[in-house]
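Reader: I would like to go through this model feature by feature. Please give the general idea each time, then the case at hand.

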Amino acid sequence: YSTAAAIEEPINPGVTVNHTQLLINGQFVDSASGKTFPTFDPRTGEVIAHVAEGEAEDINRAVAAARKAFDEGPWPRMSAYERAKIILRFADLLEKHNDELAALETWDNGKPYEQAAKIELPMIVRLLRYYAGWADKIHGLTVPADGQYHIQTLHEPIGVAGQIIPWNFPLLMYAWKVGPALACGNTIVLKTAEQTPLSALYATKLLHEAGVPPGVVNVVSGFGPTAGAALAGHMDVDKLAFTGSTGTGKIVLELAARSNLKPVTLELGGKSPFIVCEDADVDKAVELAHFALFFNQGQCCCAGSRTYVHESVYDEFVEKAKARATIRSVGDPFKSGIEQGPQIDSEQFEKILGYIRSGVESGATLETGGERFGTKGHYIQPTVFSNVKDDMLIAKEEIFGPVQSILKFKDLKEVIQRANNTSYGLAAGVFTQNIDTANTLTRALKVGTVWVNCFDIFDAAIPFGGYKMSGQGREKGMYSLSNYLQVKAVVTPLKNP
Ligand code: ADP
């Protein structure tokens, strides 16, 4: 990074915010209380727009609309092919408005525009087309059982799905949730993260243009303890899907259990190991480990945030990792070629700087970075620590920022034990050219995804989710469908001729 290139005047996002109200029953409406809350530009901390603030009463209205759309509306009753066509039209419209959506996403979140426009939006479009493809391929079985019975299973939509999403990938998380739920014929109340309410409102407006009936997808902006908790604890919500921190995951699971025992899928935090073995190509490993940690300003639940490097290549790796972080281009995310924008908000910014201080205090070696970048907004220098020990806070807790922690290991058995010695289990990276080493590690690691010689591959068909306290259930791929379906067994006696 270059401190000389401190952030000048922020670049104009080139898009206007047209939708700030709640979207309930196909209409943009004010919140019941009339309250609004500001959403901020992470580049400057300045207000982008004031957004309607949904609370319990708005959640009630949205759930009532979703209930009616499910119980009486055409959506669960129309042919699956018709539903698929609407989802495909939605994907087409997102594709058409790719650049505006990406600009809104960057403005509200701070991620590099090129990442939003060229990677994330196309992934979202691809994922919706993938689920549109599933809509008319969901069906039950006929089951051979004892006795003279004809037995079939019906795969029915589960009903009203409550969905709570985080701020790090606002539209991508929206698509992961909405795509499979719609394909299965459900209706939805989605609560966006309070830091990033804008893109989901625009996208859902396009979904209505694509022909989704009113009440099928309702979007409520608002805060967690009010709107989010009301949704998680609602008696008339049939299923809850949540992505966010492990602490909040526990809260929503409890709310779901205390209310109507709605089934819950959780995608929570992580502290993913990235293991560089002795036979690894060090240059490639450095680049991939850098990407695994720094991608999206380090704000990824699956970030490779414990970089374990074999002692035989450790010194070379640390030197090169430091050099790579030092040339990472930090700056206005709207500028071409920028790899890293600002962190989402002042709370995260302060939290990350606190972890950096704790790394220094606990005796890790600060190789590069460690401070804020520039004087305005929430930018942080790409930071690398070496000599990190497993019991340091920076090796145990999720930092969610551009801070790489490099640890040394001697042999496979040891690194397996250390990598698994965490309450998280979201993902892992394994870097080796030896197939036996790869096989040993992939089977031994207690995580939902192992990327071997790659990282952050998120094709729509690949399931994603966590072991242990990183979550429950899987999203994406065919696995996500079962989250949104009920199975009904129908048993009929067979009549003898
Ligand atoms: P983070 O700390 O990264 O913001 P959270 O887990 O708090 O992660 O936030 C993820 C989502 O959960 C957001 O939409 C947030 O508003 C929501 N949320 C936060 N607290 C609660 C809560 N008590 N009940 C329901 N949802 C919540």
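Author: Helices (H or I, at least four residues) and strands (E, at least two) are DSSP runs, numbered from the N terminus. Two strands pair if DSSP finds at least two bridges between them. Strand E7 (residues 187-191) and strand E8 (residues 217-220) pair in this way, in the parallel sense and over four bridges. Within E8, valine 217 is the bridge partner of isoleucine 188.

Reader: What should I know about the model and its numbering before going on?

Author: The model is predicted: local features need pLDDT of at least 70, side-chain atom pairs count only at pLDDT 80 or more, and totals for chains, interfaces and linings use all residues. Residues are numbered from 1 along each chain as its sequence is written.

Reader: Are the faces of E8 covered or exposed?

Author: A residue is buried if 20 or more other C-beta atoms lie within 10 Å of its own, exposed if 12 or fewer, and partly exposed in between, with C-beta atoms placed from the backbone. Both faces of E8 are covered: Val217 and Val219 are buried on one side, Asn218 and Val220 on the other.

Reader: What is the strand order in the open sheet of seven strands?

Author: Strands of a sheet pair through backbone hydrogen bonds, either parallel or antiparallel. Here the order is E13-E14-E15-E12-E11-E16-E17, and the pairing is mixed. Strand E13 (365-368) and strand E17 (449-452) stand at the edges with a single partner strand each, so one side of each has no neighbour in the sheet. From one strand to the next, the twist averages 25 degrees.

Reader: Which helix packs on that sheet?

Author: Two definitions are needed. Two residues are in contact if their C-beta atoms, placed from the backbone, lie within 7 Å. Axes are lines fitted to C-alpha atoms, for helices over the stretch in contact, and angles run from 0 to 180 degrees between N-to-C directions. Helix H9 (residues 282-294) packs on the sheet and touches strand E11 (272-276), strand E12 (304-310), strand E15 (403-409) and strand E16 (427-431). The direction of H9 makes about 160 degrees with that of E12.

Reader: How does E14 pair with E13 and with E15?

Author: E13 and strand E14 (residues 383-386) are antiparallel, over three bridges. Threonine 365 stands opposite serine 386, and threonine 368 opposite valine 384. E14 and E15 run parallel and are joined by three bridges; there, phenylalanine 385 stands opposite serine 405. Both faces of E14 are covered, with Thr383 and Phe385 buried on one side and Val384 and Ser386 on the other.

Reader: Which residue does UniProt list for "active site"?

Author: UniProt positions are given in the numbering used here, feature names are shortened, and annotations may be inferred rather than shown by experiment. The unreviewed UniProt entry lists Glu267 for "active site". Glutamate 267 lies in strand E10 (residues 264-267). Because 28 other C-beta atoms lie within 10 Å, glutamate 267 is buried. Leaving aside neighbours within four places in sequence, glutamate 267 is in contact with Thr243, Cys301, Gly465, Gly466, Gly471 and Glu475.

Reader: How many residues surround the ligand?

Author: A residue is near a molecule or strand if its C-beta atom, placed from the backbone, lies within 6 Å of it. The ligand is surrounded by 17 residues, and the closest are Gly224, Gly228, Gly244, Ser245 and Thr248. Helix H7 (224-232) and helix H8 (246-258) each supply at least two residues of the shell, with H7 giving the most, five residues.

Reader: Where is phi positive in a residue other than glycine?

Author: Most residues other than glycine have a negative phi. Phenylalanine 400 has phi near 60 degrees and lies in the loop between helix H12 (393-396) and E15. Phenylalanine 400 counts as buried, because it has 24 C-beta neighbours inside 10 Å. Aspartate 456 has phi near 55 degrees and is found in the loop between E17 and strand E18 (471-472). With 18 other C-beta atoms within 10 Å, aspartate 456 is partly exposed.
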